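Hi,

Here is the structure I said I would pass on to you.

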Amino acid sequence: GFALQYRIGQLYMISKHSHEQSDRGEGVEVVQNEPFEDPNHGNGQLTEKRVYLNRQLPSWARAVVPKIFYVTEKAWNYYPYTITEYTCSFLPKFSIHIETKYEDNKGSNDSIFDKEAKDLEREVCFIDIASDEIPERYYKESEDPKYFKSQKTGRGQLKEGWRETHQPIMCSYKLVTVKFEVWGLQTRVEQFVHKVVRDILLIGHRQAFAWVDEWYDMTMDEVREFERATQEATNKKIGIFPPAISISNISMPSSTRSAPSSAPSTPLSTDAPEFLTVPKDRPRKKSAPETLTLPDPSK
């Protein structure tokens, strides 16, 4: 069915995208990727990655950020439901929590997260892979759904209003919660992170659609093998040589599991690092930029 197709396309896109973005010393390192059993959600896959971002940070942040800086991504995938959490190697008060549900509709289920988010203030935003603008540095005409036409499936060249008529169609619903509990920077950082997450989701889903001819004939086993081989190549490319990653489908009883030794240790102090506290004795600069722009990782 289409849900399996979407799943294969998504796994293919994540592996290929991570590999393309990775350069020596930065990129995405896969720490673990293995079956996991949850008492409520059943069998799933637990993936832990480290995303090294040093050269992608703005210069003002690079000056104060430790040399080896990474974001840990942990994902519990019980397709069609996924939980993803991001934490930072040196900011104990920063986290991103994303819950994802997939449904065969065009985004018409307004109450999909009602159980999960009773008290939260929520802003709903639609992401349209064909007509939403993406940052110029990520634009490629070959990955633009308005111009791309698939040879194998005939899908493509999504015109204005495509969501009303296009078949097959599926919606990925995401509930994104950003926390950054540092007084004075909270709102700006949280808004900035929401924008970055939105851009990443938009770019990734455009690529999954535009790469359909590469993954359309793959089975689930084949895409898992592609994922394993790509992860190994990516880890080598960024200069980290862990033991070969094994991705197996044999599920182990959850009682034998313990936290991975690779999990970052939480600092004992929960105070914000010194550089994030607002200085009391000197006036704030009026010229601080209102928007943050990240340099192009491909340059």
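Below is what turned up, going from the overall layout to the cores.

One thing to keep in mind: this is a predicted model.

Let's start with the fold. The protein has six helices and six strands.

How much of the protein is buried? Of its 299 residues, 41% are. Taking contacts between residues at least 6 apart, 65% of them join residues at least 24 apart.

Now the inside. In soluble globular proteins, nonpolar side chains tend to be buried together. Here, the largest nonpolar core is made of 18 residues. Tyr12, Leu158, Trp162, Trp215, Met218 and Val223 have the most contacts within that core. Helix H1 (2-21), helix H4 (186-210) and helix H5 (212-215) each put at least two residues into this core, and the largest share, four residues, is from H1.

Which residues does Val223 touch, once its neighbours within four places in sequence are set aside? They are Ile8, Leu11, Tyr12 and Met218. Two of those names, Tyr12 and Met218, are also on the list of residues with the most contacts inside the core.

There is also a second, separate core, with 16 residues. Among them are Cys88, Phe90, Leu91 and Phe94.

Cheers

Technical notes
Residues are numbered from 1 along each chain as its sequence is written. This is a predicted model: local features need pLDDT of at least 70, side-chain atom pairs count only at pLDDT 80 or more; totals for chains, interfaces and linings use all residues. Side-chain values use heavy atoms; hydrogens and water are left out. A nonpolar core is a set of buried Ala, Val, Leu, Ile, Met, Phe, Trp, Tyr and Cys residues joined through side-chain atoms within 4.5 Å. Buried means under 20% relative accessible area, exposed over 50%, partly exposed in between (1.4 Å probe, protein chains only). Contact means heavy atoms within 4.5 Å.
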